Amino acid sequence: MGKDVIIALDFKNGQEALAFLDRFTGRKLYVKVGMELYYAEGPSIIQEIKKRGHKLFLDLKLHDIPNTVEKAMAVLSRLDVDMVNLHAAGTIEMMKAALRGLTRADGTRPLLMAVTQLTSTSQERMTEELLIREKIDDVVIKYAENADIAGLDGVVCSPLEAGKIHDVCGTDFLTVTPGVRFDEASKGDQVRVTTPAKAKELGSDYIVVGRPITQAKDPIAAYDRCVKEFVEV
Ligand code: C5P
């Protein structure tokens with residue numbers, strides 16, 4: 001599977017997102033639409049982006065009973081998205097149901113990724129509030145293994161976890177990694193960051209890059225720099 005740079009389209013409405021995309025004249029991109037933009041605009045924003053020929057990761061992180069997730073995934077699959085995700089905490093049964101829902105009549109389906117533990121969840125909170133007493137790194141690996149057993153394509157994780165996940169789940173099991181910055185000084189609210197080049201070295205399959213591209217003075221140059229460091233070198 002080829003490596004790719006996914007641009008996080010964290011804009012508050014469709015007009016801003018499409019104006020940003022239209023600056024990349026003639027380029028076919030891979031973009032991520034999250035809850036804010038999707039809940040603001042609904043399925044029409046997906047159709048607009050796909051109409052322009054871009055690939056799309058719909059980041060809605062589903063987590064519900066298996067039957068509900070299966071049916072919701074069938075709806076998302078009909079939107080012709082390329083990648084979707086869910087919470088591995090929903091159990092192997094929920095993940096298998098999601099795969100069934102996603103699979104179209106012709107056998108094709110979007111890639112399905114699992115979120116293990118959110119990076120905003122600390123060891124302390126996981127232990128004290130969720131009563132999960134194992135080490136957070138072990139929980140992340142266990143949830144990745146569960147996703148692999150369920151037949152999912154990979155996980156969303158830190159680039160720093162990508163190597164270990166590939167060791168346990170195999171190199172074909174994909175790692176989609178946010179937390180990318182060009183340098184340590186610009187990390188903002190991300191705690192642990194890596195450069196695109198470092199993410200490649202650590203074995204990430206896709207990097208998700210938001211503000212370093214969307215807030216750059218020259219977003220096209222910033223995107224090209226990610227591609228050069230992560231895909232081409
Ligand atoms: O702007 P920035 O590059 O930090 O954006 C990263 C994107 O990846 C955001 O859409 C954020 O919600 C998402 N993300 C993340 N960390 C995770 C999971 C998703 O930053 N663990």
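## A loop residue to start

Asp 80 is found in the loop between α4 (66–78) and β4 (83–87). The model that shows this is predicted. Asp 80 counts as partly exposed, because its relative accessibility is 43% and that class runs between the cut-offs of 20% and 50%.

The backbone at Asp 80 deserves a look. Its phi is positive, about 65°, although Asp 80 is not a glycine. Most residues other than glycine have a negative phi.

## A strand residue with a positive phi

Lys 61 is another residue to check. It is found in strand β3, which covers residues 55–62. Phi of Lys 61 is near 45°, a positive value, and the residue is not glycine.

Is Lys 61 buried or partly exposed? Lys 61 is partly exposed, because its relative accessible area is 24% and buried means under 20%. Now follow the chain to Val 155. Lys 61 and Val 155 are 94 residues apart along the chain. Their C-alpha atoms are separated by 11 Å.

## Around the ligand

Where does the ligand sit? It sits in the largest pocket. The residues that surround the ligand are Ala 8, Asp 10, Lys 32, Thr 119, Pro 178, Arg 181, Gln 190, Val 208, Val 209, Gly 210, Arg 211 and Pro 212. This shell divides into five nonpolar, three polar and four charged residues. Two elements, β8 (206–209) and α10 (211–214), each supply at least two residues of the shell.

Arg 211 uses its backbone instead. A backbone N or O atom of Arg 211 lies 2.7 Å from an oxygen atom of the ligand. Taken alone, the ligand exposes 460 Å². The protein buries 79% of that area.

Leu 202 is found in the loop between α9 (196–201) and β8. It is partly exposed, because its relative accessible area is 25% and the cut-off for buried is under 20%. Leu 202 and Lys 164 are 38 residues apart along the chain.

Tyr 206 lies in strand β8 itself. Is Tyr 206 buried or exposed? Tyr 206 counts as buried, because its relative accessibility is 4% and buried means under 20%. Tyr 206 and Ala 216 are ten residues apart in sequence. From C-alpha to C-alpha, they are 20 Å apart in space.

Ile 136 has its place in helix α7, which covers residues 136–150. Ile 136 is buried, because its relative accessible area is 18% and the cut-off is under 20%.

How many residues separate Ile 136 and Val 84 in sequence? They are 52 residues apart. In space, Ile 136 and Val 84 are 24 Å apart, C-alpha to C-alpha.

Notes
Residues are numbered from 1 along each chain as its sequence is written. This is a predicted model: local features need pLDDT of at least 70, side-chain atom pairs count only at pLDDT 80 or more; totals for chains, interfaces and linings use all residues. Side-chain values use heavy atoms; hydrogens and water are left out. A residue is near a molecule or strand if one of its heavy atoms lies within 4 Å of it. A polar contact is a pair of N or O atoms within 3.5 Å; within protein, one must be able to donate a hydrogen and the other to accept it, and residues adjacent in sequence count only if both atoms are side-chain atoms. Accessible areas come from the Shrake-Rupley method with a 1.4 Å probe; for residues, only the protein chains shown count as cover. On a 1 Å grid over the protein atoms alone, a cavity is a set of points where a 1.4 Å probe fits but cannot get out, and a pocket is an open set with protein on both sides within 12 Å along at least five of seven lines; lining residues have an atom within 4 Å of a point. A molecule sits in a cavity or pocket if more than half of its atoms lie within 2 Å of its grid points. Helices (H or I, at least four residues) and strands (E, at least two) are DSSP runs, numbered from the N terminus. Ala, Val, Leu, Ile, Met, Phe, Trp, Tyr, Cys and Pro count as nonpolar, Asp, Glu, Lys and Arg as charged, and the others, Gly among them, as polar. Buried means under 20% relative accessible area, exposed over 50%, partly exposed in between (1.4 Å probe, protein chains only).
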